[in-house]
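Here is a short report on one protein model. It takes up helix packing, then sheets, an aromatic pair and a disulfide.

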Amino acid sequence: MHFLLAVLIVSAATIAAAQESNREKKAPPASPAASAAPSPEARRGIRPGDVQKVFIVNHVAINDLVRVLHVFPAELSGMERDNRRVLSVSAAPAVVAAIEETIKRLDVPPPPIKSVEIAAYLLECSTSGEVGTLPQDLQSVLVQLKKTFNYSGCGLARTLLARGSDGSRFAAEFNERTAGKYELTGRVEVDSSEPPTVRLRGTDLLTWSDSTRSRLSGDIEVRGGQKVVLGRLGVTESGKDQIVVLTAKVAP
């Protein structure tokens, strides 16, 4: 390994020396005033045979675009003012055509922000007695809860609805004198899988009344609008368990 590294280093040095020698042979004698090397930041300047073209840029910052386009042998000049972005290019015709194609690829609108619908279902479950009924779309959750906690059944007590967008926070509230107050908060993240996966970060459900106070928190991952059990929030005055089920789906 050390031998190979040494060979590479020697080869690189040999190539560099040969290139330097060729440059010295080809370069005409320079006067003392012109002997200083140009700065790396020196502009290319307009040359014979160049064509000029002006581009209107709609979505990309001019400074960012110019940094990318500096790989081309071209004279670039940008202006950004009053939401108007303009880029002027001077280069050989083939280079201008390549720059135009690059701008078309880069200057595109950002993807639309994905809106997410979030629902928190508060179920009251019991191992015996009447507990009410559940909507059809929650029947699969009922089967799971019966297997896990040996419940005889569950009923839907209330539903909290919220809406958020990718990267934003969401909040929902339910307030009823006899049932107490419920607050649901969290943050939405959406990935680009198919179907989309929604992650509810820092999900926090808080409920309180005159005599009780309960809290349930966690991170939830929901794929394709599936129902996910967040956990057991507490026990009602009648002895039923309060189970929280969350779902989230990307709005069409």
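The buried residues of helix H2 are covered by, among others, E1, E2, E3 and H3. The model is predicted. Those buried residues of H2 are Ile62, Leu65, Val66 and Leu69. They span an arc of only 100° around the axis, so they sit on the same side of H2. The spacing follows from helix geometry: an α-helix has 3.6 residues a turn, so residues three or four places apart point the same way. Asn63 and Arg67 are exposed, on the other side of H2.

**The three-stranded sheet**

What does H2 pack on? The sheet comes first. Three strands make up an open sheet, ordered E1-E3-E2, with antiparallel pairing. Strand E1 (51-57) and strand E2 (75-81) are the edges, and each pairs on one side only. From one strand to the next, the twist averages 15°. E1 and strand E3 (residues 84-91) run antiparallel and are joined by seven bridges. In that pairing, valine 51 is placed opposite alanine 91 in E3.

Helix H2 (residues 62-69) packs on this sheet and touches E1, E2 and E3. The direction of H2 makes about 20° with that of E3. Helix H3 (residues 93-106) also packs on the sheet, touching E1, E2 and E3. The direction of H3 makes about 5° with that of E1. H3 is also among the elements that cover the buried residues of H2.

**The four-stranded sheet**

A second open sheet has four strands in the order E6-E7-E8-E9, paired antiparallel. Its edge strands are strand E6 (169-176) and strand E9 (213-223), each pairing on one side only. The twist here averages 15° from one strand to the next. Strand E7 (residues 180-190) pairs with strand E8 (residues 197-208) over nine bridges, in the antiparallel sense. Tyrosine 182 stands opposite threonine 207 in E8.

**Aromatic pairs**

How many aromatic pairs are there? The count is two. One of them joins phenylalanine 174 and tyrosine 182. Their ring centres lie 6.1 Å apart. Their planes meet at 65°, so the pair is edge-to-face. The cut-off for that label is over 60 degrees.

| Residue | Relative accessible area | State |
|---|---|---|
| Phenylalanine 174 | 22% | partly exposed |
| Tyrosine 182 | 3% | buried |

Why is phenylalanine 174 partly exposed? Its relative accessible area is 22%, and buried means under 20%. Tyrosine 182, at 3%, is buried.

**The disulfide**

The model holds one disulfide. Cysteine 125 and cysteine 154 form it, with sulfur atoms 2.1 Å apart. Which hand does the disulfide have? The torsion about the S-S bond is about 115°, so the disulfide is right-handed. Cysteine 125 belongs to strand E4 (residues 115-126) and cysteine 154 to strand E5 (residues 153-165), so the pair ties together parts 29 residues apart in sequence. Are these two cysteines buried or exposed? Both cysteine 125 and cysteine 154 are buried.

Terms used: Residues are numbered from 1 along each chain as its sequence is written. This is a predicted model: local features need pLDDT of at least 70, side-chain atom pairs count only at pLDDT 80 or more; totals for chains, interfaces and linings use all residues. Side-chain values use heavy atoms; hydrogens and water are left out. A disulfide is a pair of cysteine sulfur atoms within 2.5 Å. Helices (H or I, at least four residues) and strands (E, at least two) are DSSP runs, numbered from the N terminus. Buried means under 20% relative accessible area, exposed over 50%, partly exposed in between (1.4 Å probe, protein chains only). Two strands pair if DSSP finds at least two bridges between them. Axes are lines fitted to C-alpha atoms, for helices over the stretch in contact, and angles run from 0 to 180 degrees between N-to-C directions. Contact means heavy atoms within 4.5 Å. The arc is that of the directions from the helix axis to the C-beta atoms. Rings of Phe, Tyr and Trp (its six-membered ring) pair if their centres lie within 6.5 Å; planes under 30 degrees apart count as stacked, over 60 as edge-to-face and the rest as tilted.
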